Amino acid sequence: MGQPHAPVPAHAVAPPHPMGPPPNGMVRRPMRRPRPRPYPRRSAFPAVTVIVPTRNEARNLEIVLPAIAAVRPAVHEIIVVDGHSTDDSIGAARRTLPWVRAITQTRKGKGNAMACGFAAATGDVIVMFDADGSADPAEIPAFVAALVAGADFAKGSRFAKGGGSDDITLLRKTGNAGLNGVANALFGTSYTDLCYGYNAFWADLLPLLELPDVNAPAPEEGMLWGDGFEIETVLNCRVAAAGLRITEVPSVERQRIFGETNLRTFADGTRVLRTLLAEHRRAERRKNDRAQR
Ligand SMILES: Nc1nc2c(ncn2[C@@H]2O[C@H](COP(=O)(O)OP(=O)(O)O)[C@@H](O)[C@H]2O)c(=O)[nH]1
Ligand SMILES: [Mg+2]
């Protein structure tokens with residue numbers, strides 16, 4: 001008699017096919033679904049999750065999703081996180097790429113969408129990827145390579161050597177440069193592009209980032225800290241404050257294909273500045289707490 005079988009873990013049992021049993025005599029091929037990964041791992045060949053936040057990006061998704069799926073080595077999963085779009089972005093995503101995972105965010109704002117995507121991710125590496133066609137999927141392997149080479153956080157930069165932008169206005173470029181200077185002075189970093197949405201990091205950092213709970217109720221007015229466009233800043237501040245290894249990856253931002261930006265230059269710029277100050281206070285508080293223990 002052999003050894004008794006170990007109990008089969010719940011995640012190893014294939015759930016019933018969502019379309020039900022196949023008609024007589026037909027075999028239904030299993031749908032592609034993420035491999036079960038009980039915990040993220042650091043390895044030379046990490047499983048890559050791409051998080052794509054969308055707010056009315058149906059037409060862009062039809063172009064962007066197949067382009068991400070064509071990247072080699074292939075990504076492990078793509079999660080579209082929708083912000084209550086009125087153009088059926090989720091339907092477009094599913095029609096374009098049947099194995100995409102599409103979820104709806106729990107509150108408002110790009111930051112909340114990203115936090116929802118991070119919480120749903122099953123890969124070892126998480127890539128933040130805008131849906132508007134401005135990010136080039138062919139750069140994903142460079143982000144992953146920076147992480148495999150030892151970085152904790154791979155930060156896309158349009159202003160590092162080899163980077164560029166077809167999409168940024170002079171006003172936003174100037175604002176970004178000013179905000180960059182403030183961030184570097186406060187956090188001792190050498191960031192060249194604070195407000196850029198194309199970044200990647202090891203999924204095991206997530207607990208350290210302490211992002212707003214995706215299940216927390218939405219406030220009656222305004223948004224929770226970190227739920228808006230300031231998400232990139234929050235991440236950049238927290239990885240710096242935690243002393244993590246940051247590598248900048250040159251990135252070329254292209255023009256959005258269809259539609260218009262959801263960003264409001266002045267309102268969101270002010271919010272980024274407030275975030276830098278708030279995050280600096282938070283980092284100082286943490287440092288003092290640690291020193292007292
Ligand atoms: N889910 C979700 N996605 C958002 C929200 N706001 C912006 N996005 C997405 O975030 C990405 C970047 O937004 P975009 O408007 O292009 O800003 P810009 O790239 O800074 O000009 C796009 O894919 C948007 O569809 C939001 O509130 N919720
Ligand atoms: Mg954009």
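Which helices and strands do the buried residues of H3 pack against? The close-ups below take this up in a predicted model, where local features need pLDDT of at least 70, side-chain atom pairs count only at pLDDT 80 or more, and totals for chains, interfaces and linings use all residues. Residues are numbered from 1 along each chain as its sequence is written, and chains are lettered from A and ligands numbered from 1 in the order in which they are written.

**View 1. Helix H3 and its surroundings.** The buried residues of H3 pack against S1, S2, S3, S4, helix H6 (206-209) and helix H7 (231-241). Contact means C-beta atoms, placed from the backbone, within 7 Å. Nine of the 11 residues of H3 are buried, so the rest of the structure largely encloses it. Among them are Lys110, Met114 and Phe118. Buried means 20 or more other C-beta atoms within 10 Å of a residue's own. Helices (H or I, at least four residues) and strands (E, at least two) are DSSP runs, numbered from the N terminus.

**View 2. The open sheet.** Seven strands run in the order S3-S2-S1-S4-S7-S5-S8, with mixed pairing. Strand S3 (101-104) and strand S8 (246-250) are the edge strands. Pairing requires at least two DSSP bridges between two strands.

**View 3. The S1-S4 pair.** S1 and strand S4 (residues 125-128) are parallel and share four bridges. Val50 stands opposite Val127 in S4.

**View 4. The shell around ligand 1.** Of the 21 residues around ligand 1, Pro53, Gly83, Ala113, Thr261 and Asn262 come nearest. Near means a C-beta atom, placed from the backbone, within 6 Å. Strand S1 (48-54), strand S2 (77-82) and helix H3 (110-120) each give two or more residues to this shell.

Key. A residue is buried if 20 or more other C-beta atoms lie within 10 Å of its own, exposed if 12 or fewer, and partly exposed in between; C-beta atoms are placed from the backbone. Two residues are in contact if their C-beta atoms, placed from the backbone, lie within 7 Å.
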